[in-house]
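Student: I have the sequence and the structure open, and I would like to work through them with you. Could we go one question at a time?

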Amino acid sequence: MSNFLNLLAAGLTSGGIYGIFGACLAVWFRVCNVLNLAVGDFAMIGAIATAKLVQDFGLPFWLSIVIAVVGAGLVAWVFDRVVLHFAFDRGVGAHGIVSVFFYTFGLSLLLEGTARAVWGTDVFGAPAIWSGPALPIADFHVQRAGVLVIGLAIISGLLLWAYLRFTVSGRAASACGESVLGSRIVGINSGLFRRRIFVGTAVLAALFGIVESPLSGFTFMSGPTISLIGVVAAGFSAFRKPGRAVLVGLAIGVAEAMLGGYVSTSYNDVLLYAVLFGIIIFRPEVLGLRAEPA
Amino acid sequence: MTEPAATDRAIGAPAATGPADADRVPAPAGTAVQAHRVRRHDPVPLSSAVVIIILGGVVLTAMNGSYLGLTVTTGVAYAVVAVGMVLQLGYSRQLAFSQSVFMGVGAYGTGVLETKYNFGAIEALLVVIVLAAVVSLIMGAVVTRAPGLALALATLLLPLFIYQLATFSGYLGSFSGINGVLPFVTGDDYEATTVRSGLIGVLLLGLAAAFVLRVMRSGIGLQLMAMSEDEQLGEALGVSLRQRRLEVFVVGSVLAAIGGAILASTQGLVSPTILNESTQITLLLMVYVPGRKSIAGVIIGAIVIEYLATSTSFISTNLGIIEGIALLIILLVEPDGVAGAVDRLLGRRTDQWAASLRTWGAAQLKTGRLGTRGGGNGAGNA
């Protein structure tokens, strides 16, 4: 039983990571129908910048967190003003399916390249926000950073869900994703919502990277993998439901841990991704998409 | 018009009623652009292949097996994959990100056949082509059912678990991969071997480019363009969406496998890194920066990007920044990539094929053939 509970705790921790990035992707996709493939890179910026500010510049930990998070938000704001504003508000450049992936893919490359040039290829981890030994709960143990990850994921998912469902601002944001023209006709500034949510999810991702980095460490290359898993979690929430993305992420994490614990430590991810692949192909309605007739 | 009427058919004419009907179908108002004509005997693909083979042969021979020559041959391997991606992602806008996986099929297939079953290099290549065709046909029959984003998501997952499968499989050499892959042709010394193997790679690149150009310039190409603009439009015009999606997937995958085989034979080894997402990212850049619809663009782009990645440490260290900025500028300024910008600078029209599509669609409307499924009412019979 303790083995099961330990696996569950580990699975929920990694699932929280998948879930929060899935939620960040889903909420922004809902607003502007674009996948934020740079969300993992914002987490990387937050984690590595905090670690460097503390280690190399001797700044207080909390000040480093603020600087790193504000820095990530600033990068997102500048990118929106310089690229997304022209692409989506002024109608310049590539549109259609290319725009769904490639603007943020370009940003991801740029952030990854800049991180490599500035910080090198080492592994970095920010200091633990809640330091100390693993917490004993009944007969299993949970890392303190893991508790923060799970808690932050659930709280973020709930807040994003509530924002979209119960606030006028959230409904206006959703309307932008349904129809940019329609939302503009009724006086909604779609560009403003796109920018606010992009900056907000960048800040959230950076904060999450700081919380999570003591567990796994970050390199300049960590971003794309995180983003990819976030895309999977968001995909299983129809790309539009951040609350469900967190739940899906948690489920994926638990399934991964259980497969690793009870089936194969080497092939757990292979099995997991194969199952997810099968669901996408044979039950695409789970993603809110219909299959082509056979 | 230099070709006889029977073999030189404006796509505006419904083929089933005979090419002569082409003249009776007026172009819709506003289509002043001279439409491309679909020809049974189109000289462009073959001439392109000849140019690629001669030019590539001269360059590789001049480099005489040097490190630069090896880099160019590696670039040629990526270029073969990129040429397939022009058809798949660029021209048909099929959002499949499985090319690195099929590169792995080609590379690992070659490595396994040669090192474990004593196949010769060319024999292994032929078997790998058949294997990739069968695998992609089976996989494509399943994955191409998935619409738009679901297809993208499914194929994004593929590299994740195939990479792990390769790294944990002792049969595939685990993390170290497979060493001792043979060059296509063995020469008297290392330099001669490198040059001759490179020439085989260039030959395959020329054939791949000719094949893709032939498809793009045929009626099938117009059907693919119609699908890429709007699937409902394509279906209404009689295009069999599933059939065309599957064909494009198979062609892209087989060319990716050939590229993987060339890469393995050039480097003499297969590493699991060929399967991971960074390879896919590199391939996407090789297509989108030079121009996703330009065969010449992606060939040059693949070789240049491969060169930059292995050139001076300053460039290779900062390649991500360069690629990111280049991609963003391309997306904002010229979505058709560097090739599109060059076309614009040279004053070349880039909308002939769109004009052909409009003319063909108008003809379909006029003859009341909309909605017939199964092959585009003869548009693919060029």
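Student: Leaving aside its neighbours within four places in sequence, which residues is B:Val80 in contact with?
Tutor: Keep in mind that this is a predicted model. Contact here asks for C-beta atoms within 7 Å. Setting aside neighbours within four places in sequence, the partners of B:Val80 are B:Leu204, B:Leu205, B:Ala208, B:Leu255, B:Ile258, B:Gly259 and B:Ile262.

Student: How many residues does the largest nonpolar core have, and which have the most contacts inside it?
Tutor: In soluble globular proteins, nonpolar side chains tend to be buried together. Here the largest nonpolar core has 209 residues. Those with the most contacts inside it are A:Ala206, B:Val80, B:Ala82 and B:Val83.

Student: Which helix gives the largest share of this core?
Tutor: The helix to look for is in chain A, at residues 2-32. It gives 16 residues to the core, and its name is α1.

Student: Which element gives the largest share of the side of chain B that touches chain A?
Tutor: Across the interface, 36 residues of chain B are in contact with 42 residues of chain A. Four elements of chain B give two or more residues to this side: α4 (121-143), α5 (148-168), α10 (277-288) and α13 (319-333). By class, the side has 26 nonpolar, 5 polar and 5 charged residues. The largest share, 12 residues, comes from α5(B).

Student: What radius of gyration does chain A have, and what would a compact globule have?
Tutor: Along its principal axes, the C-alpha trace of chain A spans about 60 × 55 × 35 Å. A compact globule with 294 residues would have a radius of gyration near 19 Å, and chain A agrees with that, at 19 Å.

Student: What percentage of chain A counts as buried?
Tutor: A residue is buried if 20 or more other C-beta atoms lie within 10 Å of its own. Of the 294 residues of chain A, the share that counts as buried is 52%.

Student: How many residues of α9(A) are buried?
Tutor: Start with the length of this helix, residues 222-235 of chain A: at 1.5 Å a residue its 14 residues should span 20 Å, and the end C-alpha atoms agree because they are 20 Å apart. The buried residues include A:Ile226, A:Ile229, A:Val231 and A:Val232. α9(A) is mostly covered, and the buried count out of 14 is 12.

Student: Is B:Asn118 buried or exposed?
Tutor: B:Asn118 lies in the loop between α3 and α4 of chain B. Its phi is near 55 degrees, a positive value in a residue other than glycine. Because B:Asn118 has 9 other C-beta atoms within 10 Å, it counts as exposed.

Student: And B:Ser174, how does it count with its C-beta neighbours inside 10 Å?
Tutor: B:Ser174 is in the loop between α5 and β3 (178-179) of chain B. It has a positive phi of about 50 degrees although it is not a glycine. With 13 C-beta neighbours inside 10 Å, B:Ser174 counts as partly exposed.

Student: Which element of chain B has the lowest mean pLDDT?
Tutor: Chain B has a mean pLDDT of 82, and 81% of its residues reach 70 or more. Helix α3 (residues 99-117) of chain B has the highest mean among its elements, 95. Over residues 1-33 of chain B the pLDDT is below 50. The lowest mean, 40, belongs to residues 8-10 of chain B, strand β1.

How values were computed. Residues numbered from 1 in each chain as written. Chains lettered and ligands numbered in written order. Predicted model: local features only at pLDDT ≥ 70, side-chain atom pairs only at ≥ 80, totals over all residues. Contact = placed C-beta atoms within 7 Å. Nonpolar A, V, L, I, M, F, W, Y, C, P; charged D, E, K, R; others polar. Rg over C-alpha atoms; globule rule 2.2 N^0.38 Å. Core = buried A, V, L, I, M, F, W, Y, C linked by C-beta atoms within 7 Å. pLDDT = per-residue confidence, 0-100. Expected span 1.5 Å × (residues − 1).
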